[in-house]
Amino acid sequence: MNSLQTEIDKIWDKENVGQHSHFLRSLFTEVSREKRTLTLQGALNHLAYYIETGSVAVIRDGVEIARLESGRWIGEISATLAVPANATVELIGDATAYQL
């Protein structure tokens, strides 16, 4: 089971996940290989991202302040609260992410 499926399992009751996982997966779109920057510091972000594989760099004021590994959500606060992103987040190497 991949990590996106695990996140879906957390959302839905375990007894009903089989009925709904296909629908939930359809809500997510894989980020293309060309899109390396997921969020941009200071910009409004309308999407949340789930890091499926690999890692991302979190950059604030031009300085990398953290690396986040697969299984993490990013951009959810900015997207939910409609506030500017407090950091730029970029995919590293072969990392894959899904947007919601």
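Tutor: Residues are numbered from 1 along each chain as its sequence is written. In this predicted model, local features need pLDDT of at least 70 and side-chain atom pairs count only at pLDDT 80 or more.

Student: Why is Thr88 called buried?

Tutor: Buried means under 20% relative accessible area, with exposed over 50% and partly exposed in between (1.4 Å probe, protein chains only). Thr88 comes out at 10% relative accessibility, so buried is the word for it.

Student: What makes Thr88 and Gln41 a polar contact?

Tutor: The side chain of Thr88 reaches the backbone nitrogen of Gln41 at 2.9 Å. The rule asks for a pair of N or O atoms within 3.5 Å, where one must be able to donate a hydrogen and the other to accept it.

Student: Which residues does Thr88 touch, leaving out those up to four places away in sequence?

Tutor: Among them are Thr37, Leu40, Ala57 and Ile59. Contact here means heavy atoms within 4.5 Å.

Student: How do you know that strand 3 pairs with strand 6?

Tutor: Strands are DSSP runs (E, at least two residues), numbered from the N terminus. Two of them pair if DSSP finds at least two bridges between them. Nine bridges join strand 3 to strand 6, and they run antiparallel. One of the bridge partners is Ile92 for Ser55.

Student: And what joins strand 3 to strand 5?

Tutor: Two bridges, again antiparallel, and at least two is what pairing asks for. Tyr50 has Trp73 as its bridge partner there.

Notes:
Heavy atoms only, no water. Helix = DSSP H or I, 4+ residues; strand = E, 2+ residues; numbered from the N terminus.
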